[in-house]
Structures are given as structure tokens and as C-alpha cells.
Amino acid sequence: MAAALQTNIRPVKFPATLRALTKQSSSAPLRVRCAAASPGKKRYNITLLPGDGIGPEVISIAKNVLQQAGSLEGLEFSFQEMPVGGAALDLVGVPLPEDTISAAKESDAILLGAIGGYKWDKNEKHLKPETGLLQLRAGLKVFANLRPATVLPQLVDASTLKREVAEGVDLMVVRELTGGIYFGVPRGIKTNENGEEVGFNTEVYAAHEIDRIARVAFETARKRRGKLCSVDKANVLDASILWRRRVTALAAEYPDVELSHMYVDNAAMQLVRDPKQFDTIVTNNIFGDILSDEASMITGSIGMLPSASLSDSGPGLFEPIHGSAPDIAGQDKANPLATILSAAMLLKYGLGEEKAAKRIEDAVLGALNKGFRTGDIYSAGTKLVGCKEMGEEVLKSVDSHVQASV
């Protein structure tokens with residue numbers, strides 16, 4: 001859960017969907033495109049993409065929490081559920097149907113569950129569920145991925161790190177999401193002159209791609225504790241040399257932010273050695289993918305961490321960073337909190353509805369304060385509950401709106 005954002009920042013021009021990162025006040029909504037609603041209420045269209053594995057379970061719960069928190073703050077939601085990933089493959093034969101991407105683009109925000117599963121592992125690449133996710137991100141042009149990792153006091157002992165190392169960790173990974181080796185060309189598998197198969201991918205970044213994600217990171221750091229660490233591999237990769245050069249040049253525009261650089265291998269080590277040294281991390285697509293998953297385990301479970309993916313304009317994509325967990329799908333064992341917190345990020349960053357977002361954040365803390373735990377964060381002395389019961393407890397806390405300190 002991200003730390004509270006500070007508002008003593010100078011105004012800058014920034015895309016509408018990213019305005020939450022740069023606005024001086026939370027009074028104005030981030031987005032203005034919403035349908036007509038009942039008198040005194042605002043209405044938003046939300047596309048739900050349950051996906052695969054535990055996705056439908058956690059999305060169902062997050063939807064209820066989102067609806068309840070919104071209703072208490074004068075918001076109405078219209079939900080449209082669409083297939084994506086393996087579910088879409090089984091239904092229509094492609095991982096991202098045209099109807100799904102169209103619905104997503106026309107909505108005010110998108111809430112995604114999880115993608116993938118063993119069932120489709122042997123599919124050709126263009127028919128893999130994960131291809132649908134990459135296509136979705138590219139289609140929505142959501143280039144900025146925000147992944148907070150905070151060790152809550154209630155879950156310090158769930159971390160695999162020593163208490164003195166994990167306690168107080170509060171960092172944000174800003175990951176570039178639509179470039180780099182995941183999207184670069186040329187790519188593929190071919191046979192070389194010796195008749196041997198060769199697989200290849202391209203790590204490529206244009207200056208404008210680096211600049212725009214760096215600006216998001218600087219603005220994010222400015223509203224946190226004013227420290228930004230740019231992670232690259234500039235001692236080996238040419239793309240990283242350009243990355244470091246561009247980020248360094250932009251630092252002159254943010255004299256109030258302390259910029260440092262770190263090679264990705266060292267960053268991976270430092271995250272488990274001394275994670276409290278980090279405030280905001282900015283990095284490329286593949287490094288961000290890996291480091292944010294590593295950071296999640298500092299908090300005790302990958303089942304606790306939400307994310308927001310934002311674009312220059314248009315709706316944002318909000319999803320837990322955990323996978324589809326097919327081994328526990330349908331068994332009421334999933335932790336829904338990451339998806340519930342993703343719904344909170346949807347309200348905060350996607351719609352500018354910070355009061356409703358705060359209700360959800362407080363409700364999660366309220367349920368944890370009462371001792372409720374799913375299996376991934378369970379410890380002696382707490383109450384083990386399933387996915388549904390955890391969702392019910394969060395709903396109760398939403399209604400009570402008990403203020404819970406982090």
C-alpha cells in the first residue's frame with residue numbers, strides 16, 4: 001500500500017491519466033469522462049477482466065468492495081465483465097478478443113484479475129494467455145506501472161526477512177511497461193548457418209520512452225520522500241547507457257529529488273540486504289518485472305501487492321501483481337487483498353476518488369487488525385480464513401470505516 005502522497009509540489013503539465021501524480025490538490029477528479037448518474041452521484045464505467053485461475057475469485061470480491069466503498073462516497077459503478085487470457089482462448093480462440101479491448105478502451109478504468117495456467121502452457125506463442133496481457137497493455141498504451149511495496153506493521157512477522165530489516169519498508173517501483181525486451185524487434189526463433197536453433201529478443205528504448213517514464217518516477221519520488229534510484233545495467237547494455245544518460249539529464253528539472261543509480265544485480269542484492277534505503281525505484285520493463293516481484297516477498301506475500309498501469313490518456317489498468325495460481329484456483333485459498341488494494345489504486349489514480357480509495361485501504365487494515373489472515377500471510381495467533389471470508393471481513397470494515405493507522 002503506497003504511503004500517503006505529499007501535496008507540496010509545484011504544478012507541472014502532465015497527461016490526464018497521470019494527473020494524480022502531479023496535482024497539488026486531491027479535490028479535482030482525475031478523469032472527467034463519466035456517464036450520467038443519479039442526482040448528487042457520479043457514475044463510472046468499469047471493465048472487469050477476471051481472467052484465469054484465481055482471477056475470477058478475487059475479482060468478484062474486489063468488485064463488491066469497490067461497489068460498497070463507492071456507494072458510501074456517492075459513486076455509482078456500471079460493470080462490464082469481459083474475457084481475456086486463457087478464458088478468452090477457450091471461449092473464442094484468441095487471448096485478447098476485439099470486443100474486450102474495445103470495451104476496455106471505452107471504460108473509465110479496468111480491473112484485471114490474473115492471466116495464464118498450465119492448460120495453455122504448450123500453446124504457440126500467439127495463442128498463450130500472456131500474449132493477451134501484453135497486447136492489452138500495448139493497446140491501452142499504459143506505459144507507467146506503479147508497484148508499491150509496504151511492510152504493514154500487522155504483517156512484519158510474515159516477511160521472510162528479519163524484523164529489523166523488514167520493519168518500516170515503504171517503497172514504490174515505477175516500471176516502464178510497454179517497451180524494452182518484451183516488445184522489441186527483431187525477435188523470434190530461427191536456424192543459423194550451422195543448422196542450430198537460435199532464440200533472440202531485442203532490448204530497445206527510444207529517448208522519449210525513457211524520458212516519459214523517468215518524469216513519472218521523479219514526480220512520484222517528489223511526493224514521497226524525495227529519493228529516486230534508477231536501476232539499469234549500463235556497464236553492459238547499450239540501451240542502459242542511454243537510459244542512464246537520459247535519466248541523469250532530466251534530474252536537473254527536479255532539484256528537490258535526490259537521484260542515484262544502481263546496477264540491477266546490485267539492486268536485487270540491496271533489496272534483501274537493506275530495503276529501507278529505497279524510496280522510489282525506476283527501471284525498465286524486464287528489470288521492473290523481476291525486482292517488483294522480489295520486493296513483494298519483503299512484505300510477506302505477493303498476494304498483498306497491487307499495481308496501477310497508466311497512460312498519457314485513456315483508462316488505466318489495475319491488477320494484483322500475483323499470478324493466476326492454478327494450483328489453488330477454486331479452493332477458496334486465494335488472498336484477495338492485492339486485488340482489493342488494486343481497486344483502491346483504481347479509485348485513487350484512475351478516477352481521482354481518493355476518499356473512496358482511503359475507505360478501502362482502511363478496511364484492509366481493519367481486517368488485518370482483527371487478526372484475519374489467508375494462508376499465505378498466516379502466523380500463530382491469527383485466524384486463518386479463506387478468500388471469501390477475508391472479503392467479507394473487508395466489506396464489514398468498509399461499512400464501519402474504522403480509521404486504521406499503517
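Which residues does Glu 389 touch, not counting residues up to four places away in sequence? They are Phe 372 and Lys 383, where contact means heavy atoms within 4.5 Å.

Before going on, the ground rules. This is a predicted model, in which local features need pLDDT of at least 70 and side-chain atom pairs count only at pLDDT 80 or more, while totals for chains, interfaces and linings use all residues. Residues are numbered from 1 along each chain as its sequence is written, and side-chain values use heavy atoms, with hydrogens and water left out.

Back to Glu 389. It sits in helix α12, residues 387–400; helices (H or I, at least four residues) and strands (E, at least two) are DSSP runs, numbered from the N terminus. The side chains of Glu 389 and Lys 383 are joined by a polar contact of 3.4 Å. That term means a pair of N or O atoms within 3.5 Å; within protein, one must be able to donate a hydrogen and the other to accept it, and residues adjacent in sequence count only if both atoms are side-chain atoms. With a relative accessible area of 26%, Glu 389 is partly exposed. Buried means under 20%, exposed over 50%, and partly exposed in between, with a 1.4 Å probe and protein chains only.

Now another glutamate, Glu 353, in the loop between α10 (337–350) and α11 (354–369). Is Glu 353 buried or exposed? At 11% relative accessibility, Glu 353 counts as buried. Leaving out residues up to four places away in sequence, Glu 353 touches Lys 42, Tyr 44, Leu 75, Leu 347 and Lys 348.

For the chain overall, there are twelve helices and 14 strands. Of its 406 residues, 54% count as buried.

Last, the largest pocket, at about 670 Å³. On a 1 Å grid over the protein atoms alone, a pocket is an open set of points where a 1.4 Å probe fits, with protein on both sides within 12 Å along at least five of seven lines; lining residues have an atom within 4 Å of a point. Grid points are joined across faces, edges and corners, and the volume is the space filled by probe spheres set on them. Of the 27 lining residues, the closest to the centre are Glu 130, Leu 133, Leu 134, Arg 137 and Asp 289. Helix α4 gives the most to the lining, with six residues.
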